[in-house]
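Colleague: Could you take a close look at one helix for me, at where it ends and what it packs against? Once that is clear, please carry on to whatever else in the model you find worth a visit.

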Amino acid sequence: MKRRKFLSAAGISVALPALESLAASSSKVTGPRNFVAIGTYLGWHQNAFYPKETGTDYSTPSTLKPLESYKDSFTIFSGLDHRAPNGHGNWGNFLCGQSIKSYSVDQMIADQVGGKSRFPSIQTVAGAGEGAKAMSFTKEGVGLPMIQRPSVLYKLLFPSKADRARTEYLLRSGRSALDEVTADAIALQKSLPSSDANILDQYFTSLRSVEKRMGQQLAIINEPVPQPNYKLPSYDPITPNLQMEAEAIFYDLMALALETEPSRVMSLFLDGLGQVFSIDGKALGAGYHGLSHHGNDPAMIQDLITIETAHMHCLSGFIKQLQEKKTVTGKSLLDDTIVLVGTGMGDASRHSNRDLPTLVFGGGFKHKGHLSFDHNSSSSPLLGDLYLSIMQKLGLEVSEFSNANKNLNGHFS
Amino acid sequence: MRLAMGSFIAGAFLLPACIFASPIPEKPYALIERYCLDCHDSDTQKGEVNLETESIDWSAKDNQHLWERVHKVVNEGLMPPENKKQPTSSEREELSRWLDSTLLQHIPIAITPPRRLSNTEYQTTIQKLFEIHDFKLPVGFPPDAKYHGFNNIASGLTISPPLMEAYQNVASQLADSLYPPARETPKVKTLVAGPDDLVLSFSAATVHGDALRLVSRGNDSVMRSCTWPSRMEVNRSGTYRITVSASKFKPIKDEPMELEIRAREVAASDRTHVGSFRFLKTFEFSKESAESVTFEADLYEGQTLMFRWKNAETTHNPSEVSAHMRAWFERDKRMLAAWQHTVYPGQGVKERSGGLGSLRGLNGWNIVKQHLNDPDLDLSNATMDHPKTVALLKVLRTISGGRFNLADAICHYYHENGPALQLHKVSMEGPLKLVDSPQDKQRYAKRKRLFGNVAEEKTEEYFEAALHKFLVRAFRGPVAQETIDRYSRIGTTHWKEGHSFEEGMHLVLRKILVSPRFLFRSIPTKDTQQHQLAARLSYFLKGSPPDSTLLKLADSGQLSDPTVLKKEALRLMPKDARHDIMIKSFTGQWLETDRLGEIMPDPKFKFDASKIGMARLEVEYFFAAMLKENRPLADFIDPDFTYATPIFAKDVYKIDRKLKGRHDSIQRVNLSQGGRVGGLLGQSAIMLTTANGVDTQPVLRGAWVLENIIGMPPPEPPQDVPALTPDIRGATTPRELLAAHTKEASCAGCHKRIDPVGFVLENYDPVGRWREVWPKSKKKIDPTGVLPAGTDLKDVTELKAWLVKNIDHFGLCLSEKLMTYATGRIPNYAERKELESIVSLNIDREKGFQDLLLDLIQSKTFRN
C-alpha cells in the first residue's frame with residue numbers, strides 16, 4: 001500500500017503513521033487499536049435505555065431502537081457509576097472517574113497509543129450550550145478544548161491545497177530566516193564572559209534539531225494527501241438547535257479519521273441547553289434542558305426520549321460506517337474500535353450521578369446484551385472497572401483507574 | 001575576579017590542584033582525620049563523600065558544596081554518627097569556626113546565572129509584550145522541571161527541541177494575530193432563512209406554517225425572547241443588504257408592533273443579555289399580512305442577525321412577570337382558577353408532584369388549558385387574596401420558584417392565541433463592500449502601539465523606527481544597532497523576494513520570539529547590569545518583564561541607586577492576592593500549595609474542590625496581608641487573624657461565632673493568639689499538602705517544617721542506602737509505625753530529627769481539621785515531639801511558641817526561599833551570612849515583613 005503522509009494545518013507538527021506500525025498491526029496486534037468516547041451532558045433517561053431483561057434476549061427499549069440491527073455488536077451496562085457526589089458540577093467526571101478534572105480515560109489511552117498518530121487525540125462538541133467546558137482532561141488535569149465547528153475538524157484532517165501552500169510558505173520562510181537568528185545567538189555568545197559561554201549550548205542544539213525537522217517536513221510536503229469524497233454544508237451547524245446535524249457530520253468525520261488514521265482516540269460531547277428541537281417535523285414542547293428536568297411528567301419524558309432516540313439514530317449511522325469500513329488487515333473498523341457511549345449524569349431530573357447508563361460497541365469484545373449491576377451494593381463494580389477492561393483490551397498495562405482497581409474482564413472480555 | 005569553573009561538568013575533569021588549591025591547616029586537618037576519615041576517606045567514600053585531601057580547590061563548585069555540607073553537619077551535630085567516637089564540644093567548635101571563616105573567604109557572593117524564562121515568566125512576558133491579557137500557554141506546552149522546590153531555578157530551566165518547537169508555534173500564532181494571512185475577495189451571495197431556519201429556544205418562538213411567532217419582550221437573556229438564523233453566519237466582515245418580512249398576528253392594540261434587530265455572534269452564549277449585542281434597527285409593522293423592509297448594515301465575521309418583539313405583551317423580566325399575571329388574574333377568574341389547579345392541584349398550597357420544572361413550556365400550558373376547557377372548572381378559590389393566588393404570584397417573582405418555567409408556559413398562550421409578531425423570511429445579500437471589524441481596528445491600533453506610529457511601508461526606515469521601539473521591550477534592554485540591522489534584514493530580504501508588508505513583519509516577529517535575547521534573562525553582557533537588575537526586580541515582584549519606568553531608570557543608570565531601587569521596589573510591591581502573580585507563584589512553590597490540585601481528599605472528609613480552592617486562597621490572602629501591612633515575621637507563625645469564608649471558618653476551624661458577610665465570600669477573621677488556629681502551621685492548605693488526602697504522614701509534615709519553616713532541611717538520604725521495607729507488624733498508630741521504621745540504624749539518624757516534628761502536627765487531619773484520636777485505631781493522639789536541637793514540645797502550640805521565640809530561624813528560612821525565587825539560585829554560604837545579618841537586624845529593630853523584602857532587594861545577594 002502507499003505510504004500515506006499528512007501535514008498539520010498548524011504547519012508545524014507533522015508525523016508519519018509509520019510503516020512499521022502498520023506492519024506491526026498486521027503481524028502481532030490483534031486487539032482493537034482505536035477508542036471513541038461519546039457523552040451527553042443531560043444524561044440518558046434510564047427507563048427508556050435499560051432493557052427490562054438482562055442477557056442477550058431482551059426487547060429493545062425505545063431509546064435504543066435505532067441500534068436494534070447492531071444488537072450483536074454492543075453491550076448495555078446498568079448499575080455502573082463512579083460513586084461520586086451528586087450535582088450538575090460533577091457531570092464532568094464522566095471520563096475522569098470519581099473526581100472531576102482528573103486524568104480522563106481517553107487521555108490515558110491517547111498517551112499510550114496516540115503518540116504515533118498525527119493527532120494523539122481529537123475532542124469535538126455538538127450543540128454547545130453551557131455544558132462542561134471539557135470532557136477530556138490531561139494527566140495534569142488540564143481540560144482539553146473541544147472543536148465546535150465541523151469545518152475546523154475537516155481542515156485539520158484534510159488540509160486543502162491552499163492550507164498546504166501556507167504551511168510550505170511558513171516552513172520555507174521560517175527556515176531560511178533561522179540563519180540570522182543563529183548568527184545573532186553566536187554574536188550574543190561571543191559577548192558572554194568565557195565562564196558562561198556554554199549557557200547557549202542547549203539552545204543551539206535545539207535550534208539545529210528544529211531546523212532539521214523543518215527540512216524533513218518540507219521534503220514530504222508535496223506528496224499526495226488523501227482527500228475524501230465528502231461535502232460539508234456551506235455553514236457550520238453550531239447553533240444548539242442544529243445539534244443533530246452537527247453530530248451526524250462529526251460522526252462522518254470521525255469515521256473518516258479512523259479510516260485514514262490521523263487519529264486513534266476521539267471524543268464527542270453532546271451538550272444541551274434551551275434549544276427546542278423539531279423532530280420529524282414536530283417541535284417539541286420545551287427545550288432540551290427543560291425536558292431533562294421532567295419531574296416524571298409523562299409528556300415531558302416522551303419528548304426527552306424523542307431527543308435521545310434521535311441521538312441514537314445519529315450514532316447508528318456511525319456504527320454502520322465503522323462496520324462497513326475495513327482496516328488494512330481486512331477486519332471491520334468496528335472490530336478495531338471501542339466505542340464508549342455514556343454520561344456523567346445518571347438522572348438529570350434530580351442531578352443524580354449514580355447508575356450511569358453506558359454502552360460499549362465493537363472492539364472485538366464478546367458482547368453480552370444487557371449486563372446489570374447493583375449500584376447500591378458496596379462490592380459492586382464501578383464504571384472505572386469497565387474502563388480498566390477497555391484499556392486492557394487496547395493493550396494498556398494498567399490496573400488502576402481513579403477509585404477502581406479491579407476490572408470487568410470476568411463479565412466482559 | 002571570577003575564576004573559570006569546571007562546575008558545569010561537575011567532576012568531569014580536575015584542574016591542576018596546585019594552581020587554586022589552598023591547604024587545610026594542621027589543626028583542622030587533624031580533627032578531620034580523627035573523626036571523619038574512618039568512613040570518608042578515598043577508599044570508603046561513605047555516602048560518596050571523600051574528605052581525604054590536604055588542600056581544597058575552591059574554584060570547583062563541587063568542593064564549595066561539599067565543605068558547606070561538612071560545616072552544616074558539624075555545626076548541627078549530625079556527624080559523626082552516634083555509634084562513632086565523638087569530638088569534644090571545643091573540638092567541634094574549633095572545626096566549625098575554621099570552616100566558617102574559610103568558607104567565607106573562598107566563596108564569594110555569586111552572580112545571578114543566565115537562564116531562560118520559566119514557563120510562567122514566558123506567559124506573562126507575552127501577555128505584557130503583546131497586550132493579550134488572557135494569553136495562556138497552549139495545552140501540551142512542555143512543562144518546567146522543579147528544582148529545589150522552585151520552577152525558576154537556572155539549573156532546572158533546560159531547553160529541548162520540543163520546547164523550541166513549542167516556542168516556534170506560539171511565535172507563529174502571535175504573528176498570525178497581528179498580521180493574518182491575506183484572504184481572497186469573497187463573492188457576493190444571498191442567503192435566505194425561512195421560519196424553519198430560525199432558532200427555537202425555550203419558549204421564545206414557535207413555527208406555524210410560513211410564520212415564526214415571537215411573544216416575549218424579555219431582555220434578560222436572549223434565549224427566552226429572541227430568535228436568530230441558524231445557518232446564516234457572516235464569514236467576511238462587510239456591509240450586507242438585509243430584507244425582513246413580518247406581520248402582526250391577532251393584535252389586540254392598534255399601535256404597531258416593533259421588531260428590534262441586533263447583530264449577534266452565532267457562537268455567543270444564549271444566556272447573554274439582549275443589550276450586549278449591537279443594535280442595528282427597529283422596524284414597525286402594522287399589518288396582519290406580510291410586509292417587507294430592507295436596510296443595509298455592517299456585520300462582522302461570525303455574526304448573524306437577532307430578532308426580538310420589543311413591545312410584546314408578555315415578558316420574562318423579573319420585575320414584570322408577576323405584575324403581568326396579577327393584572328390578568330384580576331380580569332380573568334377562569335385563568336386564575338386554571339393556574340391554581342395546575343400549580344397547586346390538591347387542597348393546600350402544595351406544589352404539584354414533579355415540581356414547577358415539569359410545567360415548563362408547552363407541557364405547562366397544555367395542563368392549564370385542560371383546566372380552562374373544563375366546563376366544571378371550580379372557581380370558588382379564584383380570588384386575589386386566596387393563599388394559592390398569593391403563593392402563585394410569589395413564585396412568579398422568585399427565580400428558584402420557577403419564574404422562568406411558568407413564564408415559558410405563559411408564552412404558549414400567546415403563541416396559540418396571539419398577539420404575536422410573525423417573521424416570514426429573512427434574507428441577507430453581501431458583502432456589498434468589505435469593512436474592518438472591531439477586531440481588525442484593534443489590530444491596527446495595536447500594531448501602532450507596538451511598532452510606533454510610522455507609515456507601514458516596505459522600507460528600511462520603517463524597520464529602523466519599528467524595531468527600535470519593539471526590540472527594546474522584547475529584549476528588555478538596550479539593543480545594539482547591529483542587532484536591529486539583523487532583524488531588519490530578515491524583513492527587507494523577504495520583501496525583496498516579492499512578499500507583502502504583512503508577510504515581512506510576520507517573519508520578523510516569528511524570529512524575534514525565538515531569539516535567545518528574548519528567551520533568556522540575566523545575560524551578563526557589557527552595559528546591561530542596570531537592565532538585568534530591572535528585569536530581576538520586575539520578574540521577582542510582578543512576575544512580568546520590566547515596564548517602561550524601570551527601563552528608563554535602567555537606561556539612565558539610576559536604578560542601582562539604593563533610594564531609587566527602594567522606591568521602585570515599593571511601587572512594584574505585590575498588594576493584591578487576587579491579581580499579583582508573585583503571591584500565588586511564590587507561596588505555591590515555597591509552601592508547596594501548588595500541589596493542592598493533585599490532592600483529592602477522601603470523600604469521607606467532605607472537602608471538595610471549592611474548599612481546596614478556599615484553603616489555597618487563605619494562604620495567599622494571609623501572605624498578601626503580611627506584606628501589605630508590614631507585619632512582624634512572628635505573625636507568620638502566630639498571628640491574630642486569618643482569611644476565610646464564614647462557611648469555611650466554621651467547618652474547618654470550628655469558629656462558631658457569627659461572621660459578617662456572605663457565607664461564601666472570603667474575609668478577614670480575627671483570632672486570638674497562642675491557639676491552634678492561625679499562622680502557616682495550622683492552615684488547612686498546609687495540612688493538605690503535607691498529607692495525601694487519605695491519611696497523615698508525620699514524616700512528610702516533619703520534613704516540610706524543617707525545610708520550609710525552620711530552615712534545617714534534612715540532608716538528602718545517602719545514595720548507597722537501599723530502599724527498605726521495615727517490619728511494621730503490630731504497629732497500630734502512625735507513631736508505632738514510625739518507631740518500627742526508625743529501628744533501622746541507617747534511617748534513624750535523620751528520622752530522629754524529622755519524625756518528632758511531624759508528630760506535633762498529628763492533631764490536624766489530612767484536610768486540616770482538628771482531631772483528638774487516630775481514625776483507625778481510635779487511640780488518643782499523642783502530639784508530643786522534639787526539635788532537632790533537643791527542645792521538648794507538648795503540642796503544636798508549643799512548636800509555635802518556640803518558633804516565635806526563635807523567629808530568626810524562620811526569618812532566615814523565608815529569606816533564603818525568597819532569594820532562591822528571586823535569583824534563580826540557592827544562596828551559598830556567603831549569601832546566607834548576608835541574609836542572616838539582614839534578618840537579625842530586622843528582628844532587633846522590630847521591623848516588618850515588607851521591610852525585610854526591601855532590605856533583601858538591597859542585598860548583594862539580590863543585586864549581583
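Modeller: Lys654(B) follows helix H23(B) and has a positive phi, near 55°. Before we go further, this is a predicted model, in which local features need pLDDT of at least 70 and side-chain atom pairs count only at pLDDT 80 or more, while totals for chains, interfaces and linings use all residues. Residues are numbered from 1 along each chain as its sequence is written, chains are lettered from A and ligands numbered from 1 in the order in which they are written, and side-chain values use heavy atoms, without hydrogens or water.

H23 itself spans residues 646-653 of chain B, and Pro646(B), Phe648(B), Ala649(B), Val652(B) and Tyr653(B) are buried in it (under 20% relative accessible area with a 1.4 Å probe, protein chains only). Viewed down the axis of H23(B), these buried residues fall within an arc of 165°, so they line one face of the helix; the arc is taken from the directions from axis to C-beta atoms. Their packing partners, all in chain B, are helix H22 (609-628), strand S14 (641-644), strand S15 (667-670) and helix H24 (684-689). Contact here means heavy atoms within 4.5 Å, and the elements are DSSP runs numbered from the N terminus (H or I of at least four residues for helices, E of at least two for strands).

The structure holds seven cavities of 30 Å³ or more, a cavity being a set of points on a 1 Å grid where a 1.4 Å probe fits but cannot get out. The largest cavity has a volume of about 110 Å³. Its lining counts 14 residues, and Glu121(B), Asn152(B), Tyr539(B), Ser585(B) and Tyr821(B) are the closest to its centre (lining residues have an atom within 4 Å of a point). In chain B, helices H6 (119-130), H18 (529-541), H21 (581-590) and H29 (807-823) each give two or more residues to this lining, and H21(B) provides the largest share, with three residues. By type, the lining of the largest cavity has five nonpolar, seven polar and two charged residues.

One last stop, in chain A: Leu340(A) sits in strand S7 (residues 337-343) and counts as buried because its relative accessibility is 0%. Leaving out residues up to four places away in sequence, Leu340(A) touches, among others, Phe35(A), Ile38(A), Phe94(A), Val360(A), Tyr387(A) and Ile390(A). By contrast, Arg175(A) is 43 Å from Leu340(A), C-alpha to C-alpha, and 165 residues away in sequence.

Key. Buried means under 20% relative accessible area, exposed over 50%, partly exposed in between (1.4 Å probe, protein chains only). On a 1 Å grid over the protein atoms alone, a cavity is a set of points where a 1.4 Å probe fits but cannot get out, and a pocket is an open set with protein on both sides within 12 Å along at least five of seven lines; lining residues have an atom within 4 Å of a point. Grid points are joined across faces, edges and corners, and a volume is the space filled by probe spheres set on the points. Ala, Val, Leu, Ile, Met, Phe, Trp, Tyr, Cys and Pro count as nonpolar, Asp, Glu, Lys and Arg as charged, and the others, Gly among them, as polar.
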